[in-house]
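Reader: I am new to this structure. Please show me how to read its features, one at a time.

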Amino acid sequence: MSSPLPAVRSIGPARLTAGLERSGRLRHHAHLQVHGPLGPLSQRALIALAEDIRLTGRGGAGFPFARKLRAVADAVDRRTLAPVVVVNATEGEPAAWKDKVLLTRVPHLILDGAALVAWALRAEEIVVCVADDGVGEQSMLAALAERELPAPVQAIRVPHRFISGEGGALVQGINGLPFIPPGIKRRASDGGVGGHPTLLSNAETFAQLAIAARMGPRRYREAGTDEPGTVLLSVTGSAASPAVVECPTGTPLAQVLDVCQVPAGPAVLTGGFHGRWIDMTTAYRAEVSRHGLTAVGGALGAGIVLPIGADTCPIGEVARVVRYLAAESAGQCGPCRLGLPDLARAVDGVASGAGDPGLVRAAATAVKGRGACGHPDGTAAFASSALEVFADDLARHARAGDCGRPVAGILPVPDRDEDGVLRLAVDWSRCDGHGLCAEIAPDLIHLDGNGFPAFLDTPVPTRLEPVAAQAVAMCPALALRMAASKR
């Protein structure tokens, strides 16, 4: 079951969240009362609007939306194929809630933005991608039933996994393949869904476009800084009042943390699990914008803000997340298959007090820039920034084996102990350290300094179950086992 949606709060005049103080969800009639009607814009006018307000993607990468529009329009002219519009509302990251709020409470803003793009590009289809976690899908289907759009609409259910919402993974899945990155970098504008030029963007991006089209560029720019408008932030972690907060760019991050009643603590993770840590002192002088957060070593990313309090072990929290990210990889390239498990083991080592932070840095450096998608780079950035921000805690772990605090599980890593999930285990009374298992299943098992098998405490990925079974069958001492978890 999914967790309840966090509260919605606004700092300054509400735009995306307008009307929600009076209603749990805006049906189409109420949506029009709050936001007003919306007509089509020409291709030239829509591109000009996106340029004028400097609209960037709100899913994490921050790519200029006008450039996406222009690239798809050029591909349509060049190939004489009608384009497809894809709305990415999957939010596979565990701490992400802003798009879920849009889906469940103001779905028509998302559809308005998709309609604007479909009108301007004369799209042949709109595809709305939602996660299979039970959050938002019914609301979106109800919204689609309440109105007509300028092109046929298909709603696609996507596995709720970290990498499934990556752009290439979505295109793969819509095309009938697994929802994993394709292994090579390919622009959707050149050939996406069904080989057609495809404009793919995040749900909030479409909603922001719908707001800007109604307000016009001048009024839209009245909020914010040189990055005009508002942003949605998912604030959870140690916050006493977790919320999705809408605020103008340039808002002090301190104000957001205070609104969500964030207690004193060592640091804040900005941008999510592919983001960067900043210490609490820095957080209280940062401004909410891509430039403002980058300037202090943080990241806006997908609008995720995760403070942690003083009552949890930050190194243990980081280790939990890196293990999760290593298990979430598609396993298509060396940096994901081998590099991320190495990084997770290195972080586990420093968490135990026996490891070397230099090994974490080396493992992070080894995967940077070499992956088939951005997952290795994002995971490496997360782990590397933790070494800098939590240097004092690392020193305590090195001296005493831990920092004296339990790992409270403040960072939202999904529960992996589901019925039927396969895990490896070793009967240490039998294991003689033959090392054959590491030769058979190097993607899962490596040998520690004493020659005994070591592996991450995560489920065996489905793709590696056959090789894991082979390693179990070939163990000379019958020490290696693989069994399904039972609640």
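Author: We will go through a helix, some salt bridges, a helix pair and a loop residue.

Author: This is a predicted model: local features need pLDDT of at least 70, side-chain atom pairs count only at pLDDT 80 or more, and totals for chains, interfaces and linings use all residues. Residues are numbered from 1 along each chain as its sequence is written, and side-chain values use heavy atoms, with hydrogens and water left out.

Reader: How do I read a helix such as H7? Which of its residues are buried?

Author: Start with the terms. Helices (H or I, at least four residues) and strands (E, at least two) are DSSP runs, numbered from the N terminus. Buried means under 20% relative accessible area, exposed over 50%, and partly exposed in between, with a 1.4 Å probe and protein chains only. Now the case. Helix H7 spans residues 167-174, and seven of its eight residues are buried, so the rest of the structure largely encloses it. The buried ones are Gly168, Ala169, Leu170, Val171, Gln172, Gly173 and Ile174.

Reader: What covers the buried residues of H7?

Author: Look for contacts, meaning heavy atoms within 4.5 Å. The cover includes strands S2 (84-89), S3 (125-131), S4 (153-158) and S5 (198-202).

Reader: What is found at the start of H7, and what follows the helix?

Author: At the start, a side-chain oxygen of Glu166 comes to within 2.9 Å of the backbone nitrogen of Gly168. After H7 comes Gly176, with a positive phi near 95°.

Reader: How many salt bridges does a search of the whole structure find?

Author: First the idea. Side chains of opposite charge can pair when their charged atoms come close. A salt bridge is a side-chain nitrogen of Lys or Arg within 4 Å of a carboxyl oxygen of Asp or Glu. The search finds 21. One of them pairs Arg157 with Glu137, where the closest N and O atoms are 2.8 Å apart. Arg157 sits in strand S4 and Glu137 in helix H6 (residues 137-145), so this pair ties together parts 20 residues apart in sequence. Arg157 is exposed at 52% relative accessible area, whereas Glu137 is buried at 14%.

Reader: Where is Arg58 found, and is it buried or exposed?

Author: Arg58 is in the loop between H2 and H3. Arg58 is buried, at 9% relative accessible area. Not counting residues up to four places away in sequence, Arg58 touches several residues, including Lys98, Glu204, Tyr220 and Arg290.

Notes: Polar contact = N/O pair within 3.5 Å; in protein donor to acceptor, adjacent residues only side chain to side chain.
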